[in-house]
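User: I would like to go through this model in questions and answers, starting from single residues and ending with the whole chain.

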Amino acid sequence: MQQFSPTIAAVDSGDPKADPAAFRRCLGQFGTGVTVVTAAHGDELVGMTANSFSSVSLDPPLVLWSAKRTSQSFPTFKVATHFAVNILSSDQIALSNHFGRSGGDKFGGVSWKRGIGGAPLLEGTLCSFECRKAAEYPGGDHLIMLGEVERFVRHDRGPLLFAQGRYCMAADFADPTDLSKATGQAHAGGPMNEFMTALMYRAHGVLSAALDEGRHAEGLSVLQSRLMAAIETLPGRTLASLLPELFLGLNAAESTVNELVRMGLVEADASGGLTLTAMGRDRNHALHARARAIEAKELSGISPGEIASCRHVLDKLVRRAPTA
Ligand SMILES: Cc1cc2nc3c(=O)[nH]c(=O)nc-3n(C[C@H](O)[C@H](O)[C@H](O)COP(=O)(O)O)c2cc1C
């Protein structure tokens, strides 16, 4: 057996009871998909965003998820005989945020139809599982609900993912047959290098790793720097109104704002409007200056003309993309 000798200090560690926020952050490192679980009881319809979904068994076909006991929809989930698990697709962040907020009529303005047991099936999802509630198990402040799947549907779309408090899309690791490594050549010719996508993906990897180091050197996490950039661009907005621009989960965004307030970089007014403090603006500008210097270093040795034409090509591609 090899000696376990971590050379890099852990970011968070300890007793979950002593530091629940750090425990939660640690749990949030585990990447998941995102679902909206729905149910009906009489006229009452409920739905909440949940990433506790898990597959359990093929025979019989079982899945599970866990519901927070204090959530407003909990009493209805408790009495409903069925629930539907709507697995969200990559363009449904707004729906995830919508069903991640507590209470209110969540189904007005949303396209849905009734599934088995009346549980709403949402439009535009990646897949859905209509379940009969088969069992419940105590899970501390949550209740674990086991469902027997009676019907499933899958569409040809990409999944919405959630990890480290932020929404993500699935991307393949580019170029599984990296010939430059196999041959020891710096830049081997081969089918993979012929494609712009593979080259852009690898170039993005090189640049973003360097930028990550810069952010780290500035003492800021990805979430902190993303929030600071948004607050500087849209000062005075509340976190709720910034969220759609940020691709962050509410819990992670709230605790990140609290961190930034404690660090003296952000302040909130009485109605929750957020602005950067003078120190926050300085830190943000230092981060941008660092990012500019890092990019310049990574691009050194490439002529200004080459960089300009590369920018021109990328810009044209971005403008052509339907989602840009
Ligand atoms: C990505 C994400 C995943 C979530 N996962 C769960 C979960 O698995 N179980 C849960 O009870 N709440 C989960 N929540 C929180 C609920 O969606 C949230 O508390 C919601 O406000 C509950 O609505 P309600 O109070 O109207 O029932 C999640 C929220 C987000 C954004």
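User: Is Thr35 buried or exposed?

Analyst: The model is a predicted one. The relative accessibility of Thr35 is 3%, and the cut-off for buried is under 20%. Thr35 therefore counts as buried.

User: Which backbone oxygen does the side chain of Thr35 reach?

Analyst: Thr35 sits in strand S2, residues 35-41. Beyond its neighbours within four places in sequence, Thr35 has contacts that include Met48, Thr49, Ala50 and Phe53, along with Val85 and Asn86. At 2.7 Å from the side chain of Thr35 is the backbone oxygen of Ala50.

User: What is the relative accessible area of Asn86, and is Asn86 buried or exposed?

Analyst: Asn86 belongs to strand S6, residues 82-87. Its contacts, leaving aside neighbours within four places in sequence, include Val34, Thr35, Val36 and Thr38, and also Leu121, Leu122 and Cys127. Since buried means under 20%, Asn86 is buried, at 0%.

User: How far is the side chain of Asn86 from the backbone oxygen of Pro120?

Analyst: Pro120 is one of the residues in contact with Asn86. A polar contact needs N or O atoms within 3.5 Å. The side chain of Asn86 reaches the backbone oxygen of Pro120 at 3.4 Å.

User: Which residues come nearest to the ligand?

Analyst: The shell around the ligand divides into 5 nonpolar, 11 polar and 3 charged residues. Of the 19 residues around the ligand, those that come nearest are Ser52, Lys68, Ser73, Ser102 and Gly103.

User: How much of the area that the ligand exposes when taken alone does the protein bury?

Analyst: Taken alone, the ligand exposes 650 Å². Strand S3 (44-50) and strand S5 (62-68) are the elements that give two or more residues to its shell. The share of the ligand area buried by the protein is 88%.

User: Which peptide bond is cis, with omega near 0°?

Analyst: Pro60 is in the loop between strand S4 (54-57) and S5. The cis bond runs from Asp59 to Pro60.

User: Where is Gln164, and what is its phi?

Analyst: Gln164 lies in the loop between strand S11 (160-163) and strand S12 (166-169). With a relative accessible area of 39%, Gln164 is partly exposed. Although Gln164 is not a glycine, its phi is positive, at about 55°.

User: What is the relative accessible area of Phe247?

Analyst: Phe247 is in the loop between helix H8 (239-246) and helix H9 (250-262). Phe247 is not a glycine, yet has a positive phi of about 55°. Phe247 is partly exposed, with a relative accessible area of 43%.

User: What percentage of the residues of the protein count as buried?

Analyst: The protein has 11 helices and 14 strands, and its C-alpha trace spans about 70 × 55 × 55 Å along its principal axes. The protein exposes about 19,900 Å², of which carbon and sulfur atoms supply 58%. Of its 324 residues, the buried share is 33%.

Note on methods: Residues numbered from 1 in each chain as written. Predicted model: local features only at pLDDT ≥ 70, side-chain atom pairs only at ≥ 80, totals over all residues. Heavy atoms only, no water. Near = heavy atom within 4 Å. Areas by Shrake-Rupley, 256 points an atom, 1.4 Å probe, with all protein chains shown as cover. Helix = DSSP H or I, 4+ residues; strand = E, 2+ residues; numbered from the N terminus. Nonpolar A, V, L, I, M, F, W, Y, C, P; charged D, E, K, R; others polar. Buried < 20%, exposed > 50% of the residue type's maximum accessible area, 1.4 Å probe, protein only. Polar contact = N/O pair within 3.5 Å; in protein donor to acceptor, adjacent residues only side chain to side chain. Contact = heavy atoms within 4.5 Å.
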